Every structure is written in C-alpha cells, then in structure tokens.
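This report describes selected side-chain features of one protein model. The sequence and structure are shown first, and the surface is taken up before the side-chain contacts.

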Amino acid sequence: MSNGNLPNTHLLCLIAADLRQHFFSVVLGILIVCSAIYNVYTTHETRGLVTQIDRLAQDKDDLMMEWRNLLIEENTLDEHSRIRRIALKQLSMSQATKKNSVLVELR
C-alpha cells in the first residue's frame, strides 16, 4: 500500500518544489490573469456608460425640441392676447354679439 501512495506524495513534493522555485512567475501569471479579467470588466462598464450617455443625449435633444415648441406656442398665444388687449383699450372694440351683429346675404 505504501507503494501506491509513494508516487502521489513524490508528485506533490515535486509540484511544491517547482512552485517555490518559480514563485515569481506564478504570482506574475496570476496577476496577468486578474488584470485581463479586470480589463474585460472595465470595457463592459465603459460600453454601458457610453450607451447611457447616448440615451441621455437623445432625451436632452427631445426635451430641447419640446421646449422650443412650447416657447413658440407661448409667443403665439401671447401675441393673440396682446392684439386683443390693444383692440379693447386703444380702439374701444368689443366682442361681437348677436345684438350688435348684422347678417349680410349675398345673391
């Protein structure tokens, strides 16, 4: 039975001795693998953030367009209000009613 365990024990001793002898290379290899994994993670996060920036820029453009449309609408409504106010105050005009309206028929 001891003959069966001897090669396994000898192999483990050889592996341990080899790891001790090449400790710097093993640590360097582990660091390279960790660096590569971190690089992949960082690239993934960066792509997600770029996508989010593009989406937010599109939302900003949509909101700016809506804001310009609202300003145009406000100016249009303000102009009608201004005309009505001038008509009432300076020209003494009033809203037409049935009493002061005349219907003209064309023949």
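## Nonpolar surface patch

Helix α1 supplies the largest share of the nonpolar patch, four residues. Helices here are DSSP runs of H or I with at least four residues, while strands are runs of E with at least two, and both are numbered from the N terminus. The model is predicted: local features need pLDDT of at least 70, side-chain atom pairs count only at pLDDT 80 or more, and totals for chains, interfaces and linings use all residues. Residues are numbered from 1 along each chain as its sequence is written, and side-chain values use heavy atoms, with hydrogens and water left out.

The patch consists of Leu11, Leu12, Ile15, Leu19, Val26 and Ile30, which together have about 540 Å² of accessible area. The elements that give two or more residues to this patch are α1 (2-21) and α2 (23-89). Patches are made of residues with over 30% relative accessible area and no salt bridge; nonpolar side chains (Val, Leu, Ile, Met, Phe, Trp, Tyr) are joined within 5 Å and like charges within 9 Å. Areas come from the Shrake-Rupley method with a 1.4 Å probe, and for residues only the protein chains shown count as cover. Leu12 lies in helix α1 and is exposed, at 59% relative accessible area. Exposed means over 50%, buried under 20% and partly exposed in between (1.4 Å probe, protein chains only).

## Salt bridge

A search of the whole structure finds one salt bridge, a term for a side-chain nitrogen of Lys or Arg within 4 Å of a carboxyl oxygen of Asp or Glu. The bridge joins the side chains of Arg82 and Glu79, at 3.1 Å from N to O. Both residues lie in helix α2, three residues apart, about one turn of the helix. Arg82 is partly exposed at 39% relative accessibility, and Glu79 is partly exposed at 38%.

## Aromatic pair

The count comes to one aromatic pair, formed by Tyr38 and Tyr41, with 6.5 Å centre to centre and 35 degrees between the planes, a tilted arrangement. Rings of Phe, Tyr and Trp (its six-membered ring) pair if their centres lie within 6.5 Å; planes under 30 degrees apart count as stacked, over 60 as edge-to-face and the rest as tilted. Tyr38 and Tyr41 are both in helix α2, three residues apart, about one turn of the helix. Tyr38 is exposed at 57% relative accessible area, whereas Tyr41 is partly exposed at 49%.

## Cysteines

The structure holds zero disulfides, defined as pairs of cysteine sulfur atoms within 2.5 Å. Cys13 is partly exposed at 47% relative accessible area, and Cys34 is partly exposed at 44%.
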